[in-house]
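Welcome, and please open the model in your viewer. This tour tells you what to select at each stop and what you will find there.

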Amino acid sequence: MGTLMGVYLPCLQNIFGVILFLRLTWIVGMAGIIQSLLIVLMCCSCTMLTAISMSAIATNGVVPAGGAYFMISRSLGPEFGGAVGLCFYLGTTFASAMYILGAIEIFLKYLVPQAAIFHASDSAMLNNMRVYGSICLSLMAVVVFVGVKYVNKLASLFLACVIISIVSIYAGAMKSMTHPPEFPICMLGNRTLVRDRFDVCAKTVIKGNITVPSQLWDMFCLPGNMSSTQCDDYFIQNNVTEIQGIPGLGSGIIRENLWSDYVQKGEILEKAGLQSVDAHGALENFGMYVSADIATSFTLLVGIFFPSATGIMAGSNRSGDLRDAQKSIPVGTILAITTTSLVYLTSVFLFGACIEGVVLRDKFGDAVRNNLVVGTLSWPSPWVIVIGSFFSTVGAGLQSLTGAPRLLQAIAKDNIIPFLRVFGHGKANGEPTWALLLTGLIAELGILIASLDMVAPILSMFFLMCYLFVNLACAVQTLLRTPNWRPRFKYYHWALSFLGMSMCLALMFISSWYYAIVAMGIAGMIYKYIEYQGAEKEWGDGIRGLSLSAARYALLRLEAGPPHTKNWRPQLLVLLKLDEDLHVKYPRLLTFASQLKAGKGLTIVGSVIQGNFLDSYGEMQAAEQAIKNMMEIERVKGFCQVMVASKVREGIVHLIQSCGLGGMKHNTVVMGWPYGWRQSEDPRAWKTFINTVRCTTAAHLALMVPKNVSFYPSNHERFTDGNIDVWWIVHDGGMLMLLPFLLKQHKVWRKCRMRIFTVAQMDDNSIQMKKDLATFLYQLRIEAEVEVVEMHDSDISAYTYERTLMMEQRSQMLRQMRLSTAERQREAQLVKDRHSLVRMGSLYSDEEEEVVEAPPEKVQMTWTREKCEAERRNRNNAPENFRELMSLKPDQSNVRRMHTAVKLNEVIVNRSHDARLVLLNMPGPPRNTDGDENCILCQYEQSKGHSA
């Protein structure tokens with residue numbers, strides 16, 4: 001199909017509809033010509049800007065069935081696409097209800113008033129609308145079910161009815177310049193009377209030279225009584241006059257209709273220019289006057305009129321059937337909007353220039369003998385408009401009932417909303433049977449509302465939401481300059497799209513702020529539902545590109561300078577260990593990270609695979625997937641990075657150095673305690689732990705080493721009581737205080753109390769120390785119980801002395817034997833420690849630590865004379881060296897370190913044996929990087945760590 005038949009005429013048919021024939025005259029009467037022109041300009045400008053954006057998107061590729069849904073979902077992603085697609089579907093479905101209600105209103109008010117089932121009550125009209133609307137909806141659904149081809153064949157007939165009706169309006173307006181139609185209006189004072197209640201617009205009539213009361217007199221007075229004492233006060237004191245309902249184009253009535261005349265519900269329609277005596281009338285005579293059925297305002301009229309500007313997607317929905325969609329869609333759609341906008345603008349002018357104001361404000365034509373108001377202006381007969389508008393509304397309803405199920409079917413087939421999956425199925429020929437059934441049920445809800453003026457703002461919200469996101473999609477794609485954004489339609493700009501988006505948002509809140517909030521709430525819930533279900537769709541959407549641009553911008557901003565102390569929080573690098581099957585060995589480390597972070601800040605989970613990158617790439621990917629699965633189970637929101645290195649220690653160093661990007665880098669390293677390092681076959685296994693401590697310190701990062709992490713509570717546990725004990729041994733500026741506070745934000749630890757212990761010597765002022773610490777916590781705004789523990793500076797125990805001496809003797813002996821580093825390590829393993837401490841970590845003694853291959857020692861193959869003499873001297877001095885060894889006394893600092901560790905461990909076990917969690921400082925790494933002080937560090941840590 002070409003531009004005319006494929007895009008232009010279908011858009012005309014969808015845009016022109018029930019509002020033009022049933023409500024535009026009423027809108028002009030209430031808002032006046034100036035505000036009515038403003039309403040039309042606002043709505044048509046919004047749809048024109050949307051059409052420009054839509055043309056750009058539609059010409060950037062083929063748009064199959066689904067139209068707006070397809071464009072938005074492929075531009076903004078499945079979440080936005082699904083949310084807006086369902087809004088568009090609901091709008092189209094309620095549009096079918098609105099068209100059916102319009103058709104029934106024409107049928108019951110103007111075609112066959114005798115068909116009304118309910119009479120003489122306020123809700124009679126509404127009940128009639130519900131009954132006949134439901135019947136009409138059922139018949140239309142059957143027609144659509146039987147075959148869409150019949151609907152498409154009738155489309156041309158319905159369009160012809162619309163065009164003929166519009167032409168008759170223009171013809172009638174032109175004719176009214178010379179021969180205005182006769183539609184007299186009966187006025188009592190300045191009040192408009194319902195014309196079909198009486199025959200003559202006069203108080204009395206002359207029959208056979210005798211003046212007798214008229215039917216109008218009998219309505220306001222006692223029948224057959226000419227006495228004014230038995231009449232309505234307002235009726236007696238005011239005259240009955242008759243004015244022309246359609247003065248014509250040349251009458252100058254336009255001056256009276258320029259300005260607005262909004263009314264409240266139940267207010268009688270009055271003509272300002274007529275004289276009237278204000279008198280109190282009887283309440284029973286209220287039905288004789290034409291009154292307003294609803295309260296009117298500018299915002300209400302915007303919401304009622306906007307549906308008459310929708311329907312601009314009709315051409316893009318048929319892109320698959322067009323000969324040249326890239327050309328036809330923009331030209332046809334923009335021409336259709338231009339045509340309809342001109343028709344609306346000129347109609348507003350003509351209605352205001354030809355029709356009396358009280359007739360314009362008379363929604364149902366009660367003042368003109370129940371004629372359709374716009375029909376009174378048409379030529380050659382009002383029946384042209386009545387019949388034409390009836391068929392056009394029926395046709396528009398059929399088109400909506402045909403399009404809505406296909407839109408729902410397109411959404412269901414994309415499988416982004418699981419509970420809609422059933423609606424993707426249909427008949428053998430692809431007709432959406434189940435979707436049609438759901439559409440009928442939702443449309444029935446609109447029918448039960450039974451008021452055209454109530455349904456119109458609802459579908460306005462859904463269409464405006466859809467148009468808003470069409471503009472957003474075009475603006476995002478334009479600003480991101482994605483490589484595949486190459487629309488053939490060149491007359492677009494991101495500023496126009498943003499203007500259209502702003503107008504859509506403004507119109508939503510202007511027409512009905514509470515409907516706007518409800519529509520946004522529905523779209524938001526659908527968005528979050530699709531996001532929660534995890535729609536695995538990669539459509540190359542612009543939101544992903546927008547996220548990348550936003551991330552780049554944010555990273556560059558973070559790079560500008562170091563974070564302020566107020567914004568500091570632990571950004572974690574969690575070092576995980578994998579077993580032989582690439583499963584996470586200690587998943588509770590991830591539990592600890594998730595409870596500490598609670599989804600805030602940065603979390604990077606890293607691991608090292610020993611080997612060659614070329615050979616271990618597949619293993620690395622498998623490990624990464626295993627870690628991601630465990631992160632999902634433990635609800636850790638972060639990133640995963642697996643490193644392949646020839647040595648585990650080197651890989652960990654690379655992770656510490658290179659993880660993160662720009663300002664998003666870790667400031668804290670979390671690693672597991674090296675269980676079973678003494679039982680390891682490789683005596684250098686603990687080197688990995690010591691090396692990580694050194695590297696973390698060198699990088700000025702915080703280090704957290706959870707011990708007994710397998711006993712750590714899962715995310716599903718809840719502590720109803722208990723303590724988190726903090727042993728603040730080294731004053732670190734408050735880092736140790738921050739950790740329990742962050743943990744208590746999580747529901748597992750929320751009800752635990754916080755206790756802070758600090759250690760004092762006997763000569764310290766313990767009372768003042770406690771006060772200072774309490775003041776410090778108050779300034780940190782942390783609630784905790786403070787305790788000062790006094791440690792007696794007693795004599796060094798024999799056990800501590802013997803323990804320290806044994807380690808120093810072993811180190812001295814190995815040095816005297818001039819053993820190589822590897823040999824010393826092997827020798828150290830052979831020396832059994834008879835007085836070793838009872839270790840709580842022995843629970844994990846069966847868990848092997850990572851074995852690090854020691855490099856082979858270099859062997860001295862060539863012996864010089866100097867080398868031989870030196871070796872001989874060493875052998876001669878050996879007995880003397882061993883005598884020195886036996887008389888060795890331990891270094892006093894080492895003795896004090898060991899003693900402090902043993903005593904502190906006793907105090908911690910005594911005070912915190914019932915605590916849920918114990919936090920304490922680690923000592924700094926040894927200054928000597930090559931000596932056996934490293935081993936003393938591990939001994940020191942082991943003795944301290946029993947209660948941690």
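**Before you start**

This is a predicted model, in which local features need pLDDT of at least 70 and side-chain atom pairs count only at pLDDT 80 or more, while totals for chains, interfaces and linings use all residues. Residues are numbered from 1 along each chain as its sequence is written, and side-chain values use heavy atoms, with hydrogens and water left out.

**Stop 1: the whole chain**

Show the protein chain as a cartoon: it has 31 helices and 14 strands. Helices (H or I, at least four residues) and strands (E, at least two) are DSSP runs, numbered from the N terminus. Of the 948 residues in the chain, 52% are buried. Here buried means under 20% relative accessible area, exposed means over 50%, and partly exposed lies in between (1.4 Å probe, protein chains only). Now think about contacts, meaning heavy atoms within 4.5 Å. Among those between residues at least 6 apart in sequence, 81% join residues at least 24 apart.

**Stop 2: the cores**

In soluble globular proteins, nonpolar side chains tend to be buried together. A nonpolar core is a set of buried Ala, Val, Leu, Ile, Met, Phe, Trp, Tyr and Cys residues joined through side-chain atoms within 4.5 Å. Select Met 98, Phe 305, Met 313, Tyr 344, Phe 351, Ile 355 and Phe 469: these have the most contacts inside the largest nonpolar core, which has 167 residues. Apart from that core lies another, of 72 residues, including Met 631, Leu 739, Leu 742 and Met 754.

Return to Met 98. Which residues does Met 98 touch, not counting residues up to four places away in sequence? They are Val 18, Ile 19, Pro 307, Leu 452, Val 455, Ala 456 and Leu 459.

**Stop 3: helix H10**

Select helix H10 (298-305). Leu 301, Val 302, Gly 303, Ile 304 and Phe 305 are buried in H10. The buried residues of H10 pack against helices H2 (18-22), H3 (24-58), H11 (325-354), H16 (452-480) and H17 (494-511).

**Stop 4: two helix pairs**

Two packed helices are described by the angle between their axes and the distance between the axes. Axes are lines fitted to C-alpha atoms, for helices over the stretch in contact, and angles run from 0 to 180 degrees between N-to-C directions.

Color helix H5 (residues 78-111) and helix H14 (residues 382-413): their axes come within 8 Å and cross at roughly 155 degrees. That makes H5 roughly antiparallel to H14, a term for angles over 145 degrees.

Next, show helix H7 (residues 148-175) with H11, where the axes are 11 Å apart and the angle is about 35 degrees. Ile 166, Ile 169, Tyr 170, Ala 173 and Met 174 in H7 meet Leu 342, Val 343, Thr 346, Ser 347, Leu 350, Phe 351 and Cys 354 in H11.

**Stop 5**

Most residues other than glycine have a negative phi, and most peptide bonds are trans. Zoom in on Trp 379 and Pro 380, which are joined by a cis peptide bond with omega of about 10 degrees. Pro 380 is in the loop between helix H13 (373-377) and H14.

Move on to Asn 415, in the loop between H14 and helix H15 (433-449). Its phi is near 60 degrees, a positive value in a residue other than glycine, and Asn 415 is partly exposed, with a relative accessible area of 37%. Ala 450 lies in the loop between H15 and H16 and has a positive phi of about 70 degrees although it is not a glycine. Is Ala 450 buried or exposed? At 3% relative accessibility, Ala 450 counts as buried.

**Stop 6**

Select Ser 607 in strand E7 (residues 603-610). Ser 607 is buried, with a relative accessible area of 2%. Leaving out residues up to four places away in sequence, Ser 607 touches Leu 576, Leu 578, Ile 627, Gln 641, Val 642, Met 643 and Leu 655.

Lys 707 sits in the loop between strand E10 (702-704) and strand E11 (723-727), and counts as buried at 10% relative accessibility. Lys 707 and Tyr 675 are 32 residues apart in sequence and 8.8 Å apart in space, C-alpha to C-alpha.

Finish at Gln 275, in the loop between strand E5 (240-244) and H10. Gln 275 counts as exposed, at 75% relative accessibility. Not counting residues up to four places away in sequence, Gln 275 touches Gly 189, Asn 190 and Asn 238.

Key. Angles under 35 degrees count as roughly parallel, over 145 as roughly antiparallel, 65 to 115 as roughly perpendicular and the rest as oblique.
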